[in-house]
Amino acid sequence: MSIMKEIEKKEAVLRLQLHKLELLQSKLDRVVIPEDRCAFEKEINNIKDYLIQIDKELKVLHQKNRKMFLFALAIFIIVILIIIFFKS
């Protein structure tokens, strides 16, 4: 279950960062001073890099979750087959 919690946490962080990105981009559209604009662009690029990193981590967590599900399913099927075999 901890994988699911990690996925939920990463998705929450992803949503938060996307919201920050939207806010910064709207501020950037209103800024005319080149120095301020450059600072906003750097921050936007940092957030985009962070979003890419979180997206990769989410993909890994989803793969782990699938593997755990398949493992649990395999054990369940084996237990069912053992029960069927011994009842016969």
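1. How much of the chain over residues 68–86 is helix, and how much is strand? The chain there is 100% helix and 0% strand, with its end C-alpha atoms 27 Å apart. Helices (H or I, at least four residues) and strands (E, at least two) are DSSP runs, numbered from the N terminus. An unreviewed UniProt entry lists residues 68–86 as "transmembrane region"; such annotations may be inferred rather than shown by experiment.

2. This is a predicted model, in which local features need pLDDT of at least 70, side-chain atom pairs count only at pLDDT 80 or more, and totals for chains, interfaces and linings use all residues. Residues are numbered from 1 along each chain as its sequence is written, and side-chain values use heavy atoms, leaving out hydrogens and water.

3. Helix H2 (residues 34–87) has 54 residues and reaches 79 Å from its first C-alpha to its last. That is close to the 80 Å expected at 1.5 Å a residue, the expected span being 1.5 Å times one less than the number of residues.

4. Gln17 belongs to helix H1 (residues 2–30). Gln17 counts as buried because its relative accessibility is 9%. Beyond its neighbours within four places in sequence, Gln17 is in contact (heavy atoms within 4.5 Å) with Ile47, Tyr50 and Leu51.

Note on methods. Buried means under 20% relative accessible area, exposed over 50%, partly exposed in between (1.4 Å probe, protein chains only).
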